[in-house]
Amino acid sequence: MCGIIGFTGNMPAKDVILNGLERLEYRGYDSAGMALLEDGGITLFKRTGKVADLRTLCANDNSPCTCGIGHTRWATHGGVTDVNAHPHLAGNVVLIHNGIIENYRQLIVEYGLADKLVSETDSEVVAQLLNIFYDGDPIAAIKKTIKLLSGAFALCIMFKDIPGKIFAIRNVSPMIATSCEQGSIIASDLTAVIAFTKEYFVVPEYHILTLSDDGIVVEDLKGNVTKPEILSVNWDITDAQKGGYPFFMLKEIFEQPDAIRNTIAPRIENGLPDFTEDGINDDIFAHCKRICVVACGTAMHAGMVGKNLIEEKLRIPVQVEIASEFRYKNPIIDENTLTIVLSQSGETIDTLEALKLAKTFGSKVLSIVNVKGSTIARESDYVLYTHAGPEIAVASTKAYTVQVAAMYLIACRIGLVKALMTEGEARQFISKLQSAPNIIEETLKHADTIKRVANQIKLSPDAFYIGRGLDYVMGLEAALKLKEISYVHAEAYAAGELKHGTIALITENVPVIAFATQEKVYEKVVSNIREVKARGAYVVLVTMDEAVNDPNICDQHIRVPRVSSEFTAFATAVILQMLAYYTSEAKGLDVDKPRNLAKSVTVE
Ligand code: M6R
């Protein structure tokens, strides 16, 4: 949450910062700000609203200044006001912060800061402390300050009397840095720097960085200079642009076939799943008796799809845990449990802490992560990177389907290693998985029908998704997506459970979207549909059937390609994503930046 960027180099900092902030805006977008460091002074711009509003605010500033920092905020401490926006200035010091300083109240009291503070933020307390400790030696002031802080932080700091330099330090909260032809850049993530270079390094925790126009010095707290490993990515600036689509979300929905191909192709050898290149040792599969999946939100729903498959096909027990609950539990896992962690960003704090807890119980951790070099990837015993490219829209789409594909690959490998599947069965399964991109391409053709349904859903305050088995799991993701971006209250119900309470909410024209793709329970779901139809619901039926025998059971019919039961997930995923997308668009909302949300949840 919050996006931060710092630049010092041989071109005007203002443009680099504003462009970078626009790319980081998906991390938080309630206010934005920038500080430019000129000889002997700091110019500060900050305000509530989007980065576009900040751009307007500083439109008349033509400063040639080549050093500055910028921030886009997702409010935690203190309301959304101009004064709470970053950067925060205290005497000689100006800083931006991502994270939460948990002991900030205590520090206010201990250091008598109450009268000095102008904002309600925890971040300004850090600026005040730095200013107290600063006597001309920036590194010493930073060391003294961070010793006092508990919590997560990524800080970029400038001192009025040190032109051309930015200092940075982090604990937990993500930050990457790079040196390129144009200068030195530090940012929350790669999207802000990809216009300049594909090479970067992850800022090591508790190391102080000094950025200047001729490079970056990284030193630990004892003053030893270190050289972090340089990483590179295989995507470029065009992947982080809308490419003609009105919103990133729609672009990302359409990118799913390629994202899946790119993720699975390098892991298929001679028709079978193979993780040799990923360095994933088969021992972890051979020894596991149980699997524990830990994740948040959409990533957790991908884990539930995996559970459905693994339990159904391999009969290995899988528990799926909400990371924020798991991390405060006394979990029932041990060295015979394989923990699978899913995260697009690789930075979700609850997922990260859950991962660390699982390791303390002796469980091996295999993570499925999209962002290379992210904290979760680095903390895991093994990583399987998904190759979805950057996902910018807050609502996760392509990251979800590639996570499902990765879970399917893992399930198949476990099946082979444990001899729960024959080679022939595994080959057949993989060949079906290779068709997942085609299933998605076929389903994307239903956009017009889905738009019609969206126009109906937008009229209702509530919507319900019903289904059984895998379809129920897909309903959970469908409801999250609809709530998140269209603000229509949505719930998923196991279709057989409706009669135990929820059916009381079904009245005239309430949208009920029935996923009925699982042949084994098809007739059961149809009975449940009749029950809601009889109470006046507006029913949308999603099935594999060409024609529904009884037209009276639904108002709209969306057909998914005929595939075996576990592979309908790819079609249903696209339908649920498009339903949410077109409802949000029909309501005239900012699809990519839904209210109150941020892409990467790096605070508890
Ligand atoms: O980066 P992660 O996959 O760890 O993020 C997990 C959730 O925050 C995320 O999936 C969230 O639920 C999405 N906004 C849903 O679309």
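**Entry 1: Asn370**

I started at asparagine 370, whose side chain makes a polar contact of 3.0 Å with the side chain of threonine 386. This is a predicted model, so I read every distance here as computed from it. The side chain of asparagine 370 also gets to the backbone oxygen of glycine 389, again at 3.0 Å. I then checked where asparagine 370 sits: it is in the loop between strand 20 (364-369) and helix 12. Is asparagine 370 buried or exposed? I get buried, because its relative accessibility is 10% and the cut-off for buried is under 20%.

**Entry 2: the largest pocket**

I looked up the pockets next. The largest pocket has a volume of about 780 Å³. I count 41 residues in its lining, and the closest to the centre are Trp235, Asn370, Val371, Gly389 and Pro390.

Helix 7 has the largest share, with three residues. By class, the lining of the largest pocket splits into 14 nonpolar, 15 polar and 12 charged residues.

**Entry 3: the second largest pocket**

I moved on to the second largest pocket, which holds about 610 Å³ of space. Its lining has 29 residues, and those closest to the centre are Cys296, Gly297, Thr298, Lys599 and Val601. The elements that give two or more residues here are helix 9 (297-314), strand 19 (337-343), helix 11 (349-360), helix 13 (398-417) and helix 17. I noted helix 9 as the one with the largest share, five residues. For the classes I wrote down 12 nonpolar, 11 polar and six charged residues.

**Entry 4: the ligand**

How many residues surround the ligand? I get 13, the closest being Ser343, Gln344, Ser345, Thr348 and Glu484. I then went through the polar atoms. A polar side-chain atom of threonine 348 is 2.5 Å from an oxygen atom of the ligand. For serine 343, a polar side-chain atom lies 2.6 Å from a ligand oxygen. Threonine 298 comes in with its backbone instead: a polar backbone atom there is 3.2 Å from an oxygen atom of the ligand. I had already listed Thr298 among the residues closest to the centre of the second largest pocket.

**Entry 5: salt bridges**

I went through the salt bridges and the count comes to 25. I followed up a few of them.

Glutamate 484 is buried, because its relative accessible area is 14%. Lysine 481 counts as buried too, at 0% relative accessibility.

The next pair is glutamate 519 with arginine 562, where the closest N and O atoms are 3.1 Å apart. This one links distant parts of the chain, the two residues being 43 residues apart. I placed glutamate 519 in the loop between strand 24 (511-516) and helix 18 (522-533), and arginine 562 in the loop between strand 26 (556-559) and helix 19 (568-586). Both residues are exposed.

Then I took lysine 533 and aspartate 555, whose closest N and O atoms are 3.0 Å apart. This pair also links distant parts of the chain, at 22 residues apart: lysine 533 is in helix 18, and aspartate 555 is in the loop between strand 25 (538-543) and strand 26. Lysine 533 is partly exposed, with a relative accessible area of 24%, and aspartate 555 counts as partly exposed at 37%.

I also noted a network of salt bridges that links Lys251, Glu255 and Lys398.

**Entry 6: cavities**

Last, I searched the whole structure for cavities of 30 Å³ or more and got one. The largest cavity has a volume of about 80 Å³. Which residues line it? Among them are Cys2, Arg73, Trp74, His77, His86, His97 and Asp122. Strand 6 (93-101) and helix 4 (122-133) are the elements that give two or more residues to this lining. By class I have three nonpolar, seven polar and two charged residues.

Methods. Residues numbered from 1 in each chain as written. Predicted model: local features only at pLDDT ≥ 70, side-chain atom pairs only at ≥ 80, totals over all residues. Heavy atoms only, no water. Salt bridge = Lys/Arg side-chain N within 4 Å of Asp/Glu carboxyl O. Buried < 20%, exposed > 50% of the residue type's maximum accessible area, 1.4 Å probe, protein only. Helix = DSSP H or I, 4+ residues; strand = E, 2+ residues; numbered from the N terminus. 1 Å grid on protein atoms, 1.4 Å probe; cavity = no way out; pocket = protein on both sides within 12 Å on 5 of 7 lines; lining within 4 Å. Points joined across faces, edges and corners; volume = space filled by probe spheres on them. Nonpolar A, V, L, I, M, F, W, Y, C, P; charged D, E, K, R; others polar. Near = heavy atom within 4 Å. Polar contact = N/O pair within 3.5 Å; in protein donor to acceptor, adjacent residues only side chain to side chain.
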